[in-house]
Amino acid sequence: MLYEKPGDTLYRVSQTDVRQAFPPLRNSLETIAGAARLANLASAVTADGDAVPRVFHALLEGFRAIQGSEDPSLTAALYELEILRFAGYLPHLDRCNVCQGRASGGAWFFSSRAGGTVCTACVKREPARCPAVSPACLAFFRQVLRMDPARLPRLKASASLRNELREVIELYVDNVAGRRLPRTHALLGEGRVSARLGRAGEMVAAEPATVYKRTNSAGHPVGTAG
Ligand SMILES: [Zn+2]
């Protein structure tokens, strides 16, 4: 039960019921951290009191997808894009977002400020760091933006590709959210296990380095299983 008073920005919540608990999300640090990032992002892109059903729907679909995924952190990153899509912040990857050129001398960079790819000439004038995006990453990224979200949990990528993609998505999400959101794998790969709750419920999670066996020697996306 939520009580709202006209002119008052604070609501009073007197009762809640759990409609769906998503118990498998608690099975690992990776699923917990992925779900926390989605929830943080959904909160960051919606204004208080504004329901935005499509963003909420994408959040729930993301929770379901993470708990059924073989690669929860990749699935979480891809569903961050789904939340951005419905919040109206989908990145543009078909051209340079500054000069609108379609050629870039073979190299492309990602500018969070510009909202997508920028060419080698324009990247020099960007005020903030713009990571280079490999052709494989760009192709994978474009495929993700075009595909049916229901297929996202089955999407697989090599370790290098998923790291590249996650860096770009995390930088962009920070820009859209207007603050640095906690990283899913801030300490991953350091070989120790820890999880703690920080300020304001921020979660920092780490697991031992995971061995991914889906690596494709060419570094290309392995594609979908269906
Ligand atoms: Zn340009």
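Predicted model: local features only at pLDDT ≥ 70, side-chain atom pairs only at ≥ 80, totals over all residues.
Guide: Helices here are DSSP runs of H or I with at least four residues, and they are numbered from the N terminus.

Visitor: Is E80 buried or exposed?

Guide: E80 counts as buried, because it has 26 C-beta neighbours inside 10 Å, and 20 or more are needed for that label.

Visitor: And which residues is E80 in contact with?

Guide: Leaving aside neighbours within four places in sequence, E80 is in contact with R37, L38, L41, I169 and V173. The C-alpha atom of E80 is also separated by 8.5 Å from that of A42, although these two residues are 38 residues apart along the chain.

Visitor: Stepping back, how many helices and strands are there in the protein?

Guide: There are 6 helices and 7 strands, and along the sequence they follow the pattern β-β-α-α-α-β-β-α-β-α-α-β-β. Of the 226 residues of the protein, 35% count as buried, and of the contacts with a separation of 6 or more, 57% are between residues 24 or more positions apart.

Visitor: What about the largest nonpolar core, which residues have the most contacts inside it?

Guide: That core has 46 residues, and those with the most contacts inside it are L38, L78, Y79, I83 and L165. The elements that give two or more residues to it are α1 (29-45), α2 (53-67), α3, β3 (108-111), α4 (120-123), α5 and α6. As a general background, nonpolar side chains tend to be buried together in soluble globular proteins.

Visitor: Let's take L78 from that list; what does L78 touch?

Guide: Not counting residues up to four places away in sequence, L78 touches V144, L152 and L155.

Visitor: You mentioned β5, so in what order do the strands of its sheet come?

Guide: The 3 strands form an open sheet in the order β4-β3-β5, with antiparallel pairing. β4 (116-118) and β5 stand at the edges and each has a single partner strand, so one side of each is left without a neighbour in the sheet. Between β3 and β5 there are 2 bridges, and W108 has V133 in β5 as its bridge partner.

Visitor: Last topic: where does H92 lie?

Guide: H92 lies in the loop between α3 and β3, and it counts as exposed because it has 12 C-beta neighbours inside 10 Å. Apart from its neighbours within four places in sequence, H92 is in contact with N97, G115 and G116. H92 and A114 are 22 residues apart in sequence and 9.0 Å apart in space, C-alpha to C-alpha.

Note on methods. Residues numbered from 1 in each chain as written. Core = buried A, V, L, I, M, F, W, Y, C linked by C-beta atoms within 7 Å. Contact = placed C-beta atoms within 7 Å. Pairing = 2+ DSSP bridges.
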